[in-house]
Structures are given as structure tokens and as C-alpha cells.
Amino acid sequence: MTRLSGIFLRPQVAALVAVLLMNWLLFPDFFDLTWRDGRLFGSLIDVLNRGAPVAILAIGMTAVIATKGVDLSVGAVMAIAAAVAATLVVGGQPAIVAVTAALAAGLLCGLWNGVLVTYLDMQPIVATLVLMVAGRGLAQLITEGSIVTFSDPVLIYIGTGAFLGLPMPVVIALALLLLTTLLVRRTALGLMIEAVGVNKGAARLVGIPARLLLIGAYAFAGFCAAIAGIIVAGDIRGADANNAGLWLELDAILAVVIGGTSLLGGRFSIPLSVLGAVIIQAMNTGILISGLPPEFNLMVKAGIIILILILQSPLAAEAFARRMPKRKTAPRERTMP
Amino acid sequence: MAQAQGAQAAAPPLLQARQIGKIFGQHHALDGVDFEARAGEVHALLGENGAGKSTLIKILTGALQPDAGEVLVEGQPVHLRDPQQAQGLGIGTVYQEVNLLTNRSVAENLFLGRQPTRFGLVRKGVIERQARQILAAYGLEIDVRAELGSYSVAIQQIVAIARAVELSGKVLVLDEPTASLDRVEVDKLFDVVRALKARGLAIVFITHFLDQVFALADRVTVLRNGRLVGTKTLAGLSQTEVVRMMLGKDLSFAHAIGGGPDAETGPAVVTFDGIGRAGKVHPFTLTLHEGEVVGVAGLLGSGRTEMARLMFGVDLADSGMVRMGGRVFALRSPAQAVAAGFGFCPEDRKLDGIFADLSVRENIIIALQARLGWFRMLTTEEQVDIAGRFADALDIRAAHHDMAVKLLSGGNQQKVILARWLATDPRVLILDEPTRGIDVGAHAEIVRTINRLREDGLALLVISSELDEVVAYSNRIVVMRERQMVAELRGEQIDPATIVQAIAGQAAPDQTPEETP
Amino acid sequence: MNRSLRPLLATTIIFVLAYALAVSQYPGLLSTRVLGNFLTDNAFLGIAAVGMTFVILAGGIDLSVGAVIGFTTVLIAVLVMWAGLHPLAAFAVALVVAAAFGATMGAAIAYLQVPAFIVTLAGMFLARGAASVISPDSIGIKHDFYTAVSQTYLLLPGGGRITVIGGLMVAVFVLGALLAHRTRFGSAVYALGGNPTSAALMGVPVPRTTILIYTLSSTLAGLAGAVFSLYTKAGYSLSAVGVELDAIAAVVIGGTLLTGGYGFIAGTFIGVLLQGLVQTYIVFDGSLSSWWTKIVIGGLLFMFILLQRLIFSASAPSRKALWKA
Amino acid sequence: QGLSGKVVGFSQIGSESGWRAAETSVTKAEAERLGIDLKFADAQQKQENQIKAIRGFIAQGVDAILVAPVVATGWEEVLTEAKEASIPVVLLDRGIEAPEDLYLTSVASDQVKEGRVAGEWLVGAVGDKECKVVELQGTVGSSPAINRKQGFEEGIAGAANVSIIRSQTGDFTRSKGKEVMEGFIKAEGGGAGICAVYSHNDDMAVGAIQAIKDAGLKPGTDILVVSIDAVPDIFAAMVAGEANATVELTPNMAGPAFAALDAYLNGGTVPEKFIITESKLYTPADDPQGEYDRRKGLGY
Ligand SMILES: Nc1ncnc2c1ncn2[C@@H]1O[C@H](COP(=O)(O)OP(=O)(O)OP(=O)(O)O)[C@@H](O)[C@H]1O
Ligand SMILES: Nc1ncnc2c1ncn2[C@@H]1O[C@H](COP(=O)(O)OP(=O)(O)OP(=O)(O)O)[C@@H](O)[C@H]1O
Ligand SMILES: [Mg+2]
Ligand SMILES: [Mg+2]
């Protein structure tokens, strides 16, 4: 009960509401929803639809970050998955084969990262930087640098179709969110991941299979990236190996951090990460409809991010706690991020 | 000590705290505490785990800000923003848990923040030379250019003390400095402290070893639950009285640790047969029986910890096998050991034990959960129940069990780790220095727990540097020297004198250890 | 030998081996001309990487350096071409702006306790955005000073050149090494990277040091921007995109631990050279398609780090036991 | 004997788009046809890498250098070095700000003209109807984005009835093109107010076409689509009646470049300084299916 009401007091929710209100001010029809051709239409739906790939990435990224890691390669893995799916359907394979192969490719990429991090003991940023650089090359190798356009109805449905009135990407993201949240919270997986993130050595000592969990987290992130890659390809009916997922890893990390998961590992919340992704997309959409010249895009984005971060900082939390003296938060020990 | 006090009654105390209050959340860690340290005295600060000693020290040295009250240095109220400022005022501190930089050289750790420079450049040669000199006073001849992290905790502790001593022009504050030290080093430390006292410094000394208090201190101040119980001159005070001040009651079994138990032990539970690892521990063979406590004695660095790590699969043995219930296998991971019914409280609580950001409850149930596997999750109710039960059994003082374990006092964290393994209902429990940093009350409690576990039929292996304690509960004692199991004592041989002899390798004990290939 | 020196040694060995291998394939690589180019072409990267080394040594990260370089080039171009300032004055202004920018980020990290990754990511957006607001188009710089600088160089036998910016990079490395290894500030940086809590308890002024570190990084990024503008004689909002990742890679290849506390400025120098070598090697090869270029760069990065780990762990530290009772 | 056996270095920007990939593969094919030993260097979008590549080519002593410059400024020094080494340099697809004697010739399109052609076509197509245009810009700060914007504005300057009402960057990519167009349609009352979309490249236009369809409108009829590049997929869209015009940017910059080099190296003929490729306008009247088939094999 307290947990439920607590959710609404989160700074993330406040930030989302603020951004949405801003969009509404810029564009009064922002909250309008219409029903046409068996599906919902409206800017709000667009925000969810466009935010879905980053939300899916953020789900996987949350698992990795909770283990005290980070995965810079997800954008490149998206491109790989998109390339695999597109070339296979163009080559005449049925969609199911293409999708399975793309997911397998993503999983494989994630496993590779996981092995580098656990068995070769590389630091996550560099280990995944390798695939970030080389992965896009691999994707281009598959497509030979061109945009592979397809007309496979299944893939297109995954990217642009609707289910129960909602765009498929949104449905997929929600399903993934639900499944993973259940998986980590209805089993001890969540606690174990947090334990690994907080203290890997101690986790091993109490008998938690720390390495397995680590590899699993990266593999899962790769898998999520593959899903996002398929969606993006389906959306534009083609695999754009050069640009699919470009820089999206930063958005995904940002979403996770806005969602309140610490880059130092430990406590994590997948729903809040998804919320973070929605905030980012709402902000992007706001910039789009604002009519401001595009030169200002980045500055506006930076400004909003800074605002959200200040809202969320321990300092603000303390100030907030002082206002509401019911439950004071303990002052944190000063640590360098 | 009496003569020192008469002389200083007039001068203001070098360091003084007035009506200090500190609140964490809703928990009053300190409430109206007065404290003073005068020139030329050793002032012991005592109290149970979680009484607020470390918190008071942190406030006195600028590491924490008080919510009420004031700190005075030589009678002048000061607002200490950070430890740097306190250092500048001549207050040197060794905080609980060694707080040095393991990634830097020993010399740099000694001089960080006050390196001599020329043209803005640090004079490394000078630093290294001085560092060698400083450490020599503690009988420590080590390569001061090597990383601090490459040395044992004991050495790190001494470096921390040496640094604090160098920094302290007026006041030296020592928060449990002797927790990981051996008798020899403790004696050396005491020599240094006495010399400083003679030079007119004020020394604040926290420990849970009452004999050390009586050996060194002039006055004691006792805290209980964040409140001041009183400050007394030690002369004429008895141990029982001090304990009563700390606990608010007498220690019922009066620290009564007599000779070891001589009960018959049960059947063998596990045999470590020729387990060893090149360069770490010579192969050894050891059988643990039901209802038996095997104590491990040895000097610092004699390889006790590494032996325990091999026995739990933390480090992989390169020779030998484990025999258990008719099965013969090699331990490949702690997970396997946990599955086989082992439990292991590591020596380095901060590094290997505690999940700092997880709650007390989660820290207690985590090993059990790991053993159950990820799919069978303990429900919240089960968790609350288990955590509550074991926290009560070990008297863990926490405001509530959902608070992060890192916020507990050091001794209470130690108890949490113990509780964690008791919760797994193990058959074999390996405890590496389980009473380090634990207050007298809890200490007795843990000794009692060990005895009770034995009676319940567990096989225990306990590593401890406190001979009295080892003697109190061991059916058998193995002695380690230079990474080798050199002796095995039982029955009559279990008394401190014999053990000390075996450790030093003087008289060859008539009983050799089980054969090692 | 000091154990922390080992990664540095490993990196050096790898560089020498890699260079020898490359030369055996393309003898043309062994010339003063190529060596001089290594310095000139990587000058801005090297200077930025020195700042990045400090940040990483302290356990942080700075994603804004590429954007700060880009911003600085635009600012300098605008000041010189539109406001008519002398380039040296423009450099001074740019350095001050960059320093203030870094200090602000550092303060946010130190006082607001927001992770460095995110603060500097926002900083990256801000700097890049500000540059494109000032001028999205590239601005050529025409000034006698620029011409003079580009015509000043030390001619090496064999036609190689040590240019002003190449020399400047070497100087920054030397000064950086002194700052890191021989000053109190340097010690504080390592302390922060080792254990911030301990550092604070040992009296290291953690917030101040943090602010200084990011100030230093941004200032050096600003200097790298000035060098970049000398290098290209232009200011362009999109220049030096992704340089932060190259700098991080150089630092890591150079043997500095991303978790902080261990590493050497000199290692970063070799990391930069190694990256330059990879680039040059690929150009000499000339047969790699766009995608193979990426794959090879990623693969070599992987190889270098792997090799370094192997060499490092082969000489793994044996714990010293010198305790004499 | 032509250029057979000559070593030519080619510093390409990267492989950020299908068009760029086509340019690379056409250049490689041309070189192979002529028997040239082509040294290819991909700069991953970075000018500093291009400069390194050119220096590398000079150090290797190539016979000539082709550069597709990522940005107009910053080439003086390295081109001077090439000149001192007597290596002729040919610029591909964009011009630079540098003294003209530093390069042999520049084979490029006129980006401003491309925009103008597009704009003029639109003015002609709408007649004197009121027409509100939304613009999908390329990457902020890139020279095609700047020039094609400028050219288009020139093209519609004379027609008071044609005006740009919204302009955002789609980063030259399909997915961003689609996303931005989606936003435009929402912001302009479901697209009712939009008469045409002008896209700085075909990829974004292809994305925009999908957005228009998703919104229940007919691209090519309800909203006119005009863009630049002439890649195969835009012709496919024309076949389907969903795109209205595109201005060609030929990927074959290398053909004229090699011809000029041949003339210069073998005959000492100094070519024209600026070889401008044609900015040809294609509409559905120009056999889009044929154009599609012709281009499909070029590596787009
Ligand atoms: N940052 C904090 N937040 C919340 N509670 C805290 C914090 N620090 C300390 N406490 C609480 O304050 C009390 C006093 O702790 P302190 O560390 O001072 O005890 P101590 O007397 O040093 O105990 P020990 O002998 O075990 O070291 C404990 O109950 C502890 O849980
Ligand atoms: N944390 C450590 N850092 C460096 N060296 C260590 C550390 N722990 C142990 N060693 C070294 O390993 C060897 C065996 O140490 P081990 O810890 O097993 O001995 P121990 O008898 O348990 O002593 P202690 O009481 O110090 O734990 C010694 O030479 C010691 O110096
Ligand atoms: Mg304490
Ligand atoms: Mg030990």
C-alpha cells in the first residue's frame, strides 16, 4: 500500500507530469486521443510508440547497470539485429526464422559482452565499447552499407501494427516490462542481481552464482536490443545499419538513471527505467512540436535533463524531506560517483 | 597517572564535546553527550556495539556534523567542517575499519595531504626516507614504496596508527585500533601511546578489550544507547563495574570462560583430505566432527584465513579432496560449499561480508536464499520472520530491519553476517575472527552461541586471535605457522601457554597434526 | 619493480610490438614523417586525453570533452573572425569559458551528487548545442597568427616535422605527468579514485578536488579545441564528435583502470600513439571497406586490452609478507 | 595507357547513408575498370581522420588523391603538403574553402542549386494555390543541410503562396524522418494544413511517406513529396505514386574525377577547376521503374 502511494511521489513522476504539461502548453491538442481503424491515435500514443525502443533498451540496461556494469553496445546490437532480420526476409526466409535469428544474434552479442566482463575481467565500459565500434561494422557488413528494404508483413506488423488498439512496439514494451518485472520480483533473481551489484565478492561467498548472473544480464541486454532493433526495422520497413540505434545507448543509460537506478549498481527498478524512457521521449516530442529551430534541440534537451537531475539529487531529496518531516531520509555519506 | 591529572585540572581540555546530539532518521545515535580529553591522559570511550562511540568520534573530528551541541578545541568552540580542518588543528584519527588508500604506496598513505614539496613538486625521496623511519618505531620494516593493499590488514592498521600519530599535535583518536592486531603489536602500540601521553597529548581510545583499557587508560567514559552513562577515573574501578556501566547489568556468566569442553564428539561430518594450494597453504588433512569446535590458532599471516578460504571453495585447492558422507569431491565454488551445508563468516567484513546498500533483513536471508535457488523466493513474511528470529537471537541493534546494513555499527554488522549463516542451518560452520570488534556482552553471546551450536551437533571451525576465547570453546585446536598446519592440540593441551608455545614453534607438541603429504 | 608500473610496461611492449609488426608489412611506416604526423595529427586527442586521464584516475568520467572541443573551435572562430580578437586573446577567452564550464560540472558532481556520467552527458549536449546555436555552419579562420603557427616547425631528418601543436601535446603530457605523480593535487586525485570515503577521512578536500579535476579536464579540452582550430583553421560545431570515446579508449589502453586509482599519464600517451598507429596502418593498407574498418578498429581495441590484461596478470602481484614481529 | 597501374588514395567520409555507400562502390568499380590501385580510407565521419588519411597517402607516395571532404574548412595545410609532394588532389561531391591552386579540380554538385531545383519544381507544381511546406532538414550544421535549405528558400522566394511553416532536423535518416513527419502532422491538425514536404534527402522522405500513410493521408496527392538524391527507393515510391519529385545527386563523382586525372597525369592538361555534376530533376514522368532498376545494382 505504502509502496503504491510512494510511486506517485517519485520525482520521476513529477518530471513526467511537468514535461507533459509543457508539451500541452506548446500544443493544446497534445492529450487528444482519437480512435480510427481499430487503433488509438494521438500525440500521447506517439510518445509511447517512439519511446518504446529506448524503453526496451532501458529494461535490459537496467539489469546490466544493477550489476554495476554498463552496456554501450546496445545501439550497435540493434543495428545487427535489424540487419539480420531484414537480410533474411529479403533472402526469402519466413519472418519467424528472421526474427528468431535476429534475437539469437542479439543474445549472442550480449553473451560476448558478458564473457568479456566476467571471464576476461574487462571493465564494462571498454568491453562493450569494443562491440559498439565493431558491431556497427558487422551490421554494415551484413547489409553491405545499404538500407535493406523489405515488405514482409510480419516484420512490418511488429514495427507499425496495432494490438488491442495500441501500437505493437508499445504492446511489446509493456509485455516485456511486465514479464521481466514479474521475473525479477516474483523470484529471488532481483535480490541476487542487486547483491551482485552491491558486492560481487560477497555475493560469490554466499553462494550466489555471480558470474552466471552477470553474463545473464548482458545477454538479456543484448536480447532486448535485438527486440528494439527488429521494431525499428519494422517501423521503417528496412534495416538501416548505418543509423539504426545510433547513440541510443546514451538515451537508454539516461533513462535508467532518470529512473533512479544508481550507476554504481545495486537497487534497481525496471518500471521506473521505462518511465525514464517515456520522459525522454516526451521531451523529444516536445522539442519536435515546439517549432524551435533545430539548432536549439540539444540545448533544450540538456536544460531539461539538468532540471530533472537537480530535482532528483540527494540535495533536493533532503530539502523535500525537510518540507515533509514525516519520513526523513538519512543523509548520504559523501561518495564520488 | 594520578600526577598528570592534578596538573591539568586548570587548563581547558584539549578536545571537548558539549551536549552533542545526533539523529539519523528517527534514531537518536547521540543525545546530550559530554566528553573531554585532557592533555596527558588516555581516555577510553566504551560502550556496547551501536552505543554511539564511532559517531561521537566522527563528530569530534569533523567527519560528521552534530545536530546539537558543540565541539571545543582548547576551550574554544570550533565548527569542524571536515576531517582536513581537524587535522589542521592537530587532531589525528584512526577511524574504525582501516580507512586508508590501498591503491597508494605506504609512504604516500603516511603523508597524504602534507607531503613536503619543493617548487610545488612532492619530494618523494624525503617522504620515503621519513616513512621508513616512522615505521621503524613500530618494528615494521617494509618496502614503503609498495602499495598498501599488498600488505595484510594488520600492517595496514599499523600504518593507519602511524599516520594518525604523525598528524596529532594535540589529540590522537583511536577507534578500535587493536581489532586486528596481535599481542606483540598491541604492546608496541601501547609503548607509542604512552610516549605520546608523556609528551602531553590527549589520547582517546576505543576498544572492546577491557584488559587493554585497564592496561592503558586513565579515565573511562561510557555510552549506552547514545546517552552518557558517566565518566570515571579508572583507578580503583573493577572490570565488573565497567561492564555494569556498559550493559546496565552484570554479565551473568561473568566473562566466565573456563577450560574447553570435553564432551564426546560425534561422527565425522567432513574430511579435508590433503587440501592445499601451492604458494598459499601447504596441504593439510583435517576432519570435523559433529558437535565439535576446532579452533585455529596462529600468528597474523600464518595462513589461517587462506586455509578457511580453501575449505569453502573461495580459492581453488590444487591438491586434495573433500570427503563427506561417502562422497569424495573437489570444491569448485562457494555455491557448491553452501549446497553441501557449509557456512563461512569471512574475516574482512567490509570487503567480503556486507552488502552495504542492502537492508539488514536481506543481508540476513541472502545466504539461505542463495541456497534455496532463485526460483524459490522467500516471501516477505518469511524474510521478516527469519531476520527477526536471528536478529533477536544475536541481539542485533537496528532501528528496523529495512535500513541499509551499512548504517549499523561495526559490531552489529558482524552479528548480521553471523546471523546470515545461522539462518542457513549449516552442518559445518567456518568462522574467521567472528568476534572482531564485538562488545563484551555480544562477545559472551557469540561464545555462548558457538557452544550452543556445538551442542546442536554442528561442526565448527573457528579462527581467532584471542587465545582465551579459543580455549573457551574448542574441543581441539590446530596451530598454523608459515602456511603450514604444525600442531594439533586436544584435551589437556588446550591451554594458552601450550598454544603460545606451539605457535612460536618452541616445544614440539607431542601430538603431530594429521599427516600431510 | 613497482606493481602499478606493470600495465604501463605492458602497454609499451604492445606498442613496440605492434609498430614493429606494422613496419614489417609496410616499411614506409618507419619514417620521421610518419612519426611526426603521429604527434601533429593526434595533438588535440592527446591533450584531451590527459584531462580524461585525471578524471578517470579519480574514478569519474567526462563525456563532454568532444563537445567542448567543438564548442571551443566555434567560439575561437567567432571571436577571431567576427569580433576581430587576436587569436591568443581568443584562446584565453575560450580557456576561461571551458574552465568555468568544467567547474560547473564538477560542482554538480560534487555537491548535487549526480553521477559524472550523466552530468557530463548533459554537458555534452549543452556544449554541442551551444556551438550549433552560435553557428551551425563551419567558419574558416584566416589570420596571420594561424599561418605563422602552421609554418613553424622543427624539421627532422627524413622530412618529418615536429609542429607547434605536436610539441604542445608533448609538453602537456610532461606537465600532466608532473601534476599527477609529483604534486599534492595528483595524490588527491589518486586518493579519490582509490576510495573517496577514505580520502575524505584522510583530509582530502573531496568536493574541491572533484571540481578541480573537471575544471582541468574541460580546460584541457578547451586547449585541445584551440589546437584543433589551429589544426583545421576553422571552427565547426560538429568537429571532434566522439573524441571522448577515443580519449577514454586511449586512457584505458594506456593501462589506467576505469574504476580509478591506478594508472599513468605516460600510459595514455602510448594509448594515443597506438590509436594513431591503427589509423595510419589502416590508411596504408587501403583495402578495408567502411565496415571492415570499424570491425578492425574494434578488434584491435579488443586485442590491445586483452594483451594488456594477459601481460598484466602473467606478472600478477604476489602479496608481500614482510611483517617482522 | 590511361591510369592503369597508378596508385590513387581515396579518403571517404564514412558510410553514413545509402548514397554514400553507392558513391564508394561506384568509385571502387570505376577504379577497377581503369586498372587503378585504389587505396580506400573510411574516416568514420571525422575530419581529423581524413587529414590523417591524406597524410598517410602522402607518406606512401601515391600518384593522386581523391577526397570527399566532410566539411568545407580546414584543408589548407594538408593540401599544401600534398602540393609540395606534387600529388594532385581531386575533391569529390563538395567544395572547400581553400585557395584553388591547392587542388586539381573539384567534382561536385551544386547543393544550393539542388535545393533551388526542388523549390522551383514545387512552385511550378502548385501553381498559385496556397501551399504550406514542412521541411525535413539534414544533420544540423552539415553543409548539404545548410545549402539545400538555402537553395530551396531561393527557389520559393518568388512565390508568395509557397511558404515553409515548420522545419526540423531528421538527421538524414529514415526513422527520424518518419518521427519528425509524424510530429508535423500532429502539430498541423492531422496534416490538413500541410501541402508539401521538402526533405533534404530521399531517405527522410521515404520515412515521411510512411508517416503520411500512417496518418491516413495519401502521400503524393494529399501531401506532395519532394526530395533530393534520387536513390532507388524514392523511385519505388514514385512508381507507387507516393513521391512527386527528386533531384539527382549522382554517386558517380569518380568517373569525371578519374577522367580529369587521366588527362592531367598523361597529357598535362589542367582540367576545369569546378566540374559540376548535373542536378537533374526526376518526376513520375521520367520512367521511375526504369530508373529504379538502373540504380538498384549500384550499391545504394
Ligand atoms: N549514517 C547513519 N545512518 C543511520 N544510522 C546510523 C548511521 N551511522 C550510525 N548509525 C547508527 O548509530 C548508532 C551508533 O553507531 P556507532 O557506529 O557510533 O556505534 P559504535 O558505538 O561505534 O558501535 P561499535 O562498537 O559496533 O563500533 C548505531 O545504532 C547505528 O546504527
Ligand atoms: N588482505 C591481505 N592483503 C595482503 N596480504 C594478505 C592479506 N591477507 C593475508 N595476506 C597474506 O597472506 C598470507 C596468509 O595470510 P592469512 O590471512 O591467511 O593469515 P592469517 O593467519 O589468517 O592472518 P590474519 O589474522 O592476518 O588473517 C600472509 O602472508 C599474509 O601477509
Ligand atoms: Mg564503532
Ligand atoms: Mg585471518
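**View 1. The interface of chain A with chain D.** Between them, chain A and chain D bury about 2,400 Å², with 48% of it on carbon and sulfur atoms. On the chain A side, the residues that lose the most area to chain D are Ile236(A), Leu288(A) and Pro294(A), which together make up 25% of what that side buries. The contact involves 28 residues of chain A and 29 residues of chain D. The model shown here and in the other views is predicted.

**View 2. A salt bridge between Arg50(A) and Glu182(D).** Three salt bridges are counted between chain A and chain D. In one between these chains, the side chain of Arg50(A) meets that of Glu182(D), at 2.5 Å from N to O. Side chains of opposite charge can pair when their charged atoms come close.

**View 3. The interface of chain C with chain A.** Five pairs of chains touch, and the most contacts among them are between chains A and C. Here 51 residues of chain C are in contact with 44 residues of chain A. Chain C and chain A bury about 4,400 Å² between them, and 80% of this is on carbon and sulfur atoms. Of the area that chain C buries against chain A, 16% comes from Gln113(C), Phe125(C) and Trp291(C), more than from any other three residues. The count of salt bridges between chain C and chain A is zero.

**View 4. Chain B and chain D, a pair without contact.** No contact joins chain B and chain D. The closest C-alpha atoms of chain B and chain D lie 36 Å apart.

**View 5. Helix α13 of chain C against helix α2 of chain D.** The axes of α13(C), residues 265-285, and α2(D), residues 47-60, come within 9 Å and cross at roughly 55°. The two helices, α13(C) and α2(D), are therefore oblique to each other. Their crossing is right-handed. From α13(C), the contact is made by Gln279(C), Val283(C) and Phe284(C). The α2(D) side consists of Asn49(D), Lys52(D), Ala53(D), Gly56(D), Phe57(D), Ala59(D) and Gln60(D). Sorted by class, the residues in the contact of α13(C) with α2(D) are five nonpolar, four polar and one charged.

**View 6. Helices α2 and α13 within chain C.** The axes of α2(C), residues 32-41, and α13(C) come within 10 Å and cross at roughly 120°. The pair α2(C) and α13(C) is therefore oblique. The crossing of α2(C) and α13(C) is right-handed. Val34(C), Phe38(C) and Leu39(C) of α2(C) make the contact with Phe269(C), Leu273(C), Gly276(C), Leu277(C), Thr280(C) and Phe284(C) of α13(C). By class, the contact of α2(C) with α13(C) has seven nonpolar residues, two polar and no charged. Phe284(C) is also one of the α13(C) residues that make the contact with α2(D).

**View 7. A salt bridge between two helices of chain A.** Over all chains, the structure holds 61 salt bridges. One is formed by Lys301(A) with Asp251(A), whose closest N and O atoms are 3.5 Å apart. Lys301(A) lies in helix α14 of chain A (residues 297-312) and Asp251(A) in helix α12 of chain A (residues 248-258), so the pair ties together parts that are 50 residues apart in sequence.

Conventions: Residues numbered from 1 in each chain as written. Chains lettered and ligands numbered in written order. Predicted model: local features only at pLDDT ≥ 70, side-chain atom pairs only at ≥ 80, totals over all residues. Heavy atoms only, no water. Axes fitted to C-alpha atoms, helices over the stretch in contact; angles between N-to-C directions. Helix = DSSP H or I, 4+ residues; strand = E, 2+ residues; numbered from the N terminus. Parallel < 35°, antiparallel > 145°, perpendicular 65-115°, else oblique. Left-handed = near helix turned anticlockwise from the far one by under 90°. Contact = heavy atoms within 4.5 Å. Nonpolar A, V, L, I, M, F, W, Y, C, P; charged D, E, K, R; others polar. Buried area = accessible area lost by both parts, 1.4 Å probe. Salt bridge = Lys/Arg side-chain N within 4 Å of Asp/Glu carboxyl O.
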